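Reader: Can we go through this one together? I'd like to start with how accessibility is classed, then take the details in turn.

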Amino acid sequence: SRPALPSTCTAPICDNAGGIAEMSELPENVRDVTDALDAAGNTTAAIGKGFAIGSACLVGLALFGAFITRAGLTAASVSLVSPLIFASLIFGAMIPYWFSAMT
């Protein structure tokens with residue numbers, strides 16, 4: 001059996017292969033093939049990123065629910081309509097990006 005290659009890896013590999021083919025002055029049909037494979041890899045990577053973002057949102061919601069349960073709060077006391085709670089959630093969601101931007 002062949003080793004599995006993650007779908008997100010195909011786009012950079014094909015892009016590099018296309019660059020090598022271009023620098024090696026290979027026939028144009030080689031570049032056409034690598035461009036088509038690169039486009040397919042980019043599409044599968046974009047679909048995979050959508051699933052990753054969706055699962056991250058679901059995990060965030062589950063963690064928020066676990067926090068409410070563990071802290072002994074009621075659903076009525078934690079309302080996302082409250083400006084203070086909503087602003088706190090937005091600020092909390094921005095913190096990882098803020099720290100990442102500082103590096």
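Author: A residue counts as buried under 20% relative accessible area, as exposed over 50%, and as partly exposed in between. Bear in mind that this is a predicted model.

Reader: Fine. Where does phenylalanine 99 fall, then?

Author: Its relative accessible area is 46%, so phenylalanine 99 is partly exposed.

Reader: How many aromatic pairs are there in the whole structure?

Author: The search turns up one aromatic pair. Its members are tryptophan 98 and phenylalanine 99, with 5.3 Å centre to centre and 25° between the planes.

Reader: Stacked or edge-to-face?

Author: Stacked, because planes under 30 degrees apart are put in that class, and this pair has 25°.

Reader: Moving on to helix α1. What span should its 14 residues have?

Author: Helix α1 covers residues 10-23 and should span 20 Å at 1.5 Å a residue. The C-alpha atoms at its ends are 20 Å apart, which agrees.

Reader: Which residues of α1 are buried?

Author: Ala11, Cys14, Gly18 and Ala21. Down the axis of α1 the buried residues fall within an arc of 90°, so they line one face of the helix.

Reader: Why would residues three or four places apart point the same way?

Author: Because an α-helix has 3.6 residues a turn.

Reader: What do the buried residues of α1 pack against?

Author: They pack against α2, which is residues 28-70.

Reader: And which residues are exposed on the other side of α1?

Author: Asn16, Ile20 and Met23 are exposed there.

Reader: What about the phi of glutamate 25?

Author: Glutamate 25 follows α1, and its phi is positive, near 60°.

Reader: Change of topic. How many salt bridges does the structure hold?

Author: Two. In one, arginine 31 is bridged to glutamate 22, and the closest N and O atoms are 3.7 Å apart. In the other, aspartate 35 is bridged to arginine 31, with the closest N and O atoms 3.4 Å apart.

Reader: How far apart along α2 are aspartate 35 and arginine 31?

Author: They are four residues apart in helix α2, so about one helical turn separates them.

Technical notes. Residues numbered from 1 in each chain as written. Predicted model: local features only at pLDDT ≥ 70, side-chain atom pairs only at ≥ 80, totals over all residues. Heavy atoms only, no water. Phe/Tyr/Trp six-rings, centres within 6.5 Å; stacked < 30°, edge-to-face > 60°. Buried < 20%, exposed > 50% of the residue type's maximum accessible area, 1.4 Å probe, protein only. Helix = DSSP H or I, 4+ residues; strand = E, 2+ residues; numbered from the N terminus. Expected span 1.5 Å × (residues − 1). Arc of directions from axis to C-beta. Contact = heavy atoms within 4.5 Å. Salt bridge = Lys/Arg side-chain N within 4 Å of Asp/Glu carboxyl O.
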